[in-house]
Each structure stands twice: as structure tokens, then as C-alpha cells.
Amino acid sequence: MSATPLSGLRVVEFTHMVMGPACGMLLADMGADVVKVEPAPDGDNTRRLVGTGTGFFSVFNRNKQSLSVDMKNPEGLALVKKLIAQADVVIENFRPGAMEKLGLGYAALSAENPRLIYCSCKGFLPGPYDHRTALDEVVQMMGGLAYMTGLEGKPLRAGSSVNDIMGGMFGAIAILAAVRERENTGRGQHVQSALFENTALLMAQHMAQITMTGKEPPPMSTRQPTWPIYDIFDTADDEQIFIGVVTDTQWQSFCTEYQLAELQSDPTLATQAQRTQGRERTIPVIAATMKRFTKAELSAACDRLGLPFAPIARPADLFDDPHLNAPGGMLDYALADGKRLRIPALPMAFDNERLKLHRPLPKTGEHGAAIARLLGYAEADIKALFQRGILSSPD
């Protein structure tokens with residue numbers, strides 16, 4: 001199979017921030033022809049975010065074309081509608097009703113293009129909350145994820161835009177399912193994904209635990225241990241490493257490796273359940289033993305023994321991770337200021353081939369002229385659209 005399985009799928013994207021752009025990026029990385037429609041003349045406001053939002057645009061808008069157009073102008077809106085008439089998919093993640101006000105809602109567009117698949121990436125699926133404005137932080141708080149992530153009484157959002165990215169993923173999955181169904185029916189449909197429902201899905205395992213045990217789980221930071229060893233340990237070189245020992249075989253190998261004969265031969269620690277119950281006396285002994293070794297020494301031993309382990313890494317450490325830097329694991333492209341961005345490729349492979357960069361990160365309106373030509377506009381008309389500010393470009 002080619003590593004561009006969606007080649008020929010035409011997508012028009014009306015998005016900003018993370019959720020909608022992530023949906024389009026997934027399709028674009030897999031070879032779809034994605035046109036990002038941005039407001040003229042300055043483009044998507046996400047381009048100018050600072051702080052923790054600095055990387056949003058550069059990560060989630062690769063492999064796309066940019067059309068910067070004034071859709072408040074009838075001629076600009078007409079150009080966009082021509083583009084949609086030739087498209088397979090529209091993606092949008094604006095507030096409820098915004099696209100309808102422009103005449104770009106699903107009902108209007110599908111009447112002109114019945115094969116169109118229209119994906120709305122929203123805060124909430126249809127229901128009592130669907131009028132609300134949502135952010136990743138909002139749904140993490142209201143959906144239980146912040147509670148399960150933080151300390152007791154101190155809810156904490158997860159350390160990434162997990163729901164925004166998941167929302168984009170589920171949007172892309174729904175789009176591909178609709179593409180498959182269209183092969184049978186000849187018609188498109190309106191598909192949706194939502195942030196709040198993402199969080200609810202992440203909480204499903206805890207909800208099931210409540211039903212099955214009759215008890216509410218505490219935050220993961222204060223959870224009741226399930227395994228004999230499932231902990232973060234300090235190392236001799238002032239680093240940290242997570243090690244898990246979750247089977248009888250692993251326990252024997254671990255004790256032999258680190259000469260923990262007293263624990264290994266203790267009849268009150270013979271079963272996994274006994275070892276879990278005995279953590280109060282075993283973990284201090286194990287922690288003191290781990291402290292005698294460096295992170296590299298512990299990593300090498302755990303790798304050799306087949307034990308689950310993970311040195312505690314920061315995002316900056318990923319640039320030098322040998323696995324990520326294996327062929328195809330990282331994408332490298334230029335930013336607007338000339339810096340090079342190296343970030344992980346999508347976590348999928350097709351016949352062992354990773355997905356590649358097909359297009360560099362687009363400048364605002366960079367592809368406007370080319371798109372207008374493909375839509376049949378004459379050169380004089382295209383020039384006039386730019387002169388009047390209906391289209392804009394980086395030139």
C-alpha cells in the first residue's frame with residue numbers, strides 16, 4: 001500500500017486552533033488534497049498565538065494549501081463555493097451557526113453537492129450543551145479528566161491538548177467512514193466529533209470501575225496500587241525512571257538481577273496479590289536498591305530483562321530520542337522565521353512506510369492564485385481579486 005492512501009480526496013477546511021486543523025492534518029498527511037481557507041488579509045489568528053499556543057499552527061497545518069479570502073465579499077464567497085462544489089469533504093470547527101450565517105452550512109452545501117461529506121468538530125454533540133463554547137480545558141474539568149489527573153482537591157489539566165487532538169482524530173475517522181459509505185450510497189452526510197464526548201470516552205474505564213466495584217476511584221496520583229512494582233524511582237545520577245513489575249516471572253527476574261533474595265524467598269510475598277499488599281515494606285527496600293544505579297544502567301537492565309520501564313523524559317528530550325529519530329520518525333520543515341521544525345510524524349505506518357511531508361507549512365494565501373486558476377478564473381480576474389483585497393497572498 002502507498003503511504004498516501006487518501007490521494008485524490010479533496011478537502012476544504014474552515015478551521016482554527018487545534019481540533020479542526022488536526023482533523024485536516026491527519027487527512028493531509030495521508031495524501032488528501034487539503035485547502036485551508038483563511039480570512040484575508042492576515043490569515044488564521046492561530047498563526048499569531050504565543051505561549052503554549054505558539055506551536056499550534058506549525059504542527060497542525062502542514063501538508064496543506066492556503067487560500068486567504070474575504071468571504072464577507074460576495075465574490076470571495078462565490079469563489080469558496082466553487083471550490084466546495086468540487087470537493088469531497090468540508091471540515092469546520094467554528095462556533096455553532098457561524099457557517100450557516102455565511103451560507104456554508106451542511107444543508108445549503110449538500111443541496112448543491114449531494115456527495116459532500118461535511119465534518120463539524122465541536123465542543124459538544126447534539127444535546128443540552130451543544131450551544132456552549134468549549135475549550136480543551138473546559139471539557140477536561142467538566143468531564144472528570146482533570147480530577148483524575150491532579151492531586152486530591154487539585155484538578156489538573158493533562159499536559160497536552162489531548163481532547164482537541166482526539167477530536168480531530170475522531171473527525172477524521174468519521175470522515176473516512178462516510179467516504180466508505182458513500183461508495184455504496186452515492187451520497188455524503190454530516191458527521192460530527194466533539195470535545196466533551198472525547199473526555200467522557202476517556203473516563204469510561206473509571207465509570208465501569210465504579211459500576212463493578214461500587215466505589216469511586218481516587219485521582220491517579222493517589223490511586224490504590226494494582227501491581228507489586230509500578231513506581232517512579234530516583235537514580236544514582238539524580239534522574240528518575242519508571243519501572244513496572246507485573247507478573248510472577250518478572251518478579252523473579254527482577255529480584256535475581258538486583259540480588260533481592262530476602263524478598264524473593266519471603267513466603268508472604270509468594271503471590272502477586274501478597275506482593276501488592278506488601279508494598280509498604282517492599283517499595284522502600286526496592287527504592288534504596290534502585291538509587292545505587294544510574295538511569296542508563298537501570299534502563300539497560302530492564303531492557304535486557306523485558307521489564308516495562310521508562311526514563312522520565314521532558315518534551316525537549318524527544319528531539320534526541322533514538323527511536324523517534326529512526327528513518328521516517330520525524331518530519332523536518334521550515335517555519336516562517338526560517339527556523340527548522342523537527343516534530344514526530346503521525347504514529348502510523350503503511351507496509352512499514354511512514355507518512356511524509358508532501359507540502360511545506362503554507363504561508364498565508366500562498367496558493368490562492370493557483371486555486372483560482374484551477375477553478376477556471378482568468379488571469380485578469382485573478383489579478384483583480386488580489387488588487388481589491390478579496391484574495392491575499394504573502395507576496
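Predicted model: local features only at pLDDT ≥ 70, side-chain atom pairs only at ≥ 80, totals over all residues.
Where is Asp88 found? Asp88 sits in the loop between α3 and β4 (89-92).

Residues are numbered from 1 along each chain as its sequence is written, and side-chain values use heavy atoms, with hydrogens and water left out.

1. Asp88. This residue is buried, with a relative accessible area of 9%; buried means under 20% relative accessible area, exposed over 50%, and partly exposed in between, with a 1.4 Å probe and protein chains only. The side chains of Asp88 and Arg182 are joined by a polar contact of 3.1 Å. A polar contact is a pair of N or O atoms within 3.5 Å; within protein, one must be able to donate a hydrogen and the other to accept it, and residues adjacent in sequence count only if both atoms are side-chain atoms. Apart from neighbours within four places in sequence, Asp88 is in contact (heavy atoms within 4.5 Å) with Gly8, Leu9, Arg10, Arg115, Leu116, Ile117 and Arg182.

2. Helix α3. Helices (H or I, at least four residues) and strands (E, at least two) are DSSP runs, numbered from the N terminus. Helix α3 covers residues 74-85, has 12 residues and reaches 16 Å from its first C-alpha to its last, close to the 16 Å expected at 1.5 Å a residue. The expected span is 1.5 Å times one less than the number of residues in the helix. At the start of α3, a side-chain oxygen of Asn73 comes to within 2.8 Å of the backbone nitrogen of Glu75.

3. The two sides of α3. Buried in α3 are Gly76, Leu77, Leu79, Val80, Leu83 and Ile84. These residues lie on the same side of α3 because they cover an arc of only 155 degrees around the axis; the arc is that of the directions from the helix axis to the C-beta atoms. On the other side of α3, Pro74 and Ala85 are exposed.

4. Helix α8. Arg182, the partner of Asp88 in the polar contact, is among the buried residues of α8, as are Asn163, Asp164 and Met166. Helix α8 (residues 162-185) has 24 residues and reaches 34 Å from its first C-alpha to its last, close to the 34 Å expected at 1.5 Å a residue. Just after α8, Gly186 has a positive phi of about 80 degrees.

5. Helices α9 and α10. Helix α9 (residues 195-202) and helix α10 (residues 204-213) pack at an angle of about 45 degrees, with their axes 4 Å apart. Axes are lines fitted to C-alpha atoms, for helices over the stretch in contact, and angles run from 0 to 180 degrees between N-to-C directions. The two helices, α9 and α10, are therefore oblique to each other; angles under 35 degrees count as roughly parallel, over 145 as roughly antiparallel, 65 to 115 as roughly perpendicular and the rest as oblique. Ala200, Leu201 and Leu202 in α9 meet Ala204, Gln205, His206 and Met207 in α10.

6. Backbone points to check. Most residues other than glycine have a negative phi, and most peptide bonds are trans. Ala40 and Pro41 are joined by a cis peptide bond, with omega about 0 degrees, and Pro41 lies in the loop between β2 (33-39) and α2 (56-60). Asp351, in the loop between β12 (349-350) and β13 (353-354), is not a glycine but has a positive phi of about 50 degrees. Asn352 lies in the loop between β12 and β13 and has a positive phi of about 70 degrees, although it is not a glycine. Asp351 is exposed, with a relative accessible area of 62%, and Asn352 is exposed, with 79%.

7. Phe56. This residue lies in helix α2 and is buried, with a relative accessible area of 17%. Leaving aside neighbours within four places in sequence, the contacts of Phe56 are Met17, Val18, Thr46, Leu49, Asn61 and Ser161.

8. Helix α15. In α15 (residues 295-305), Leu298, Ser299, Ala301 and Cys302 are buried. Their cover includes β8 (240-245), α11 (248-257), α14 (279-290) and β9 (309-311). Gly306, with a positive phi near 75 degrees, follows α15.
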